[in-house]
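Here is a short tour of one protein model, written for someone who likes to have the structure open while reading.

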Amino acid sequence: MAKSKDVRVTIILECTSCVRNGLNVNVNKESTGISRYITQKNRHNTPSRLELKKFCPYCYKHTIHGEIKK
């Protein structure tokens, strides 16, 4: 039996400023990394990529986290 497409899908949100600054070699932080959150979205209500403002522990501030591919 064919599986129907679910309306609600699990997505991964990644910090956009960490991705841009990740290539910088002269970073004076104790731990460098990329902040990621896992959440769900409704495919019918938001067909485009989701962007939310979340706290990034690596940047120590609230930044925009964008949806990435799995």
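This is a predicted model: local features need pLDDT of at least 70, side-chain atom pairs count only at pLDDT 80 or more; totals for chains, interfaces and linings use all residues.

Let us look at one pairing. Strand 3 and strand 4 run antiparallel and are joined by six bridges. Within this pairing, Lys53 has Ile64 in strand 4 as its bridge partner.

Strand 3 covers 51–56 and strand 4 covers 61–68, and Tyr60 sits in the loop between them. Most residues other than glycine have a negative phi. Tyr60 is not a glycine, yet its phi is positive, at about 60 degrees.

His65 belongs to strand 4. How do the two residues compare with the cut-offs for burial, under 20% for buried and over 50% for exposed? The table sets them out.

| Residue | Relative accessibility | Class |
|---|---|---|
| Tyr60 | 58% | exposed |
| His65 | 0% | buried |

Because its relative accessibility is 0%, His65 counts as buried. What does the side chain of His65 make a polar contact with? The partner is the side chain of Ser35, at 3.3 Å. Leaving aside neighbours within four places in sequence, His65 is also in contact with residues including Leu13, Cys15, Tyr37, Leu52 and Phe55.

Conventions
Residues are numbered from 1 along each chain as its sequence is written. Side-chain values use heavy atoms; hydrogens and water are left out. Helices (H or I, at least four residues) and strands (E, at least two) are DSSP runs, numbered from the N terminus. Buried means under 20% relative accessible area, exposed over 50%, partly exposed in between (1.4 Å probe, protein chains only). A polar contact is a pair of N or O atoms within 3.5 Å; within protein, one must be able to donate a hydrogen and the other to accept it, and residues adjacent in sequence count only if both atoms are side-chain atoms. Contact means heavy atoms within 4.5 Å. Two strands pair if DSSP finds at least two bridges between them.
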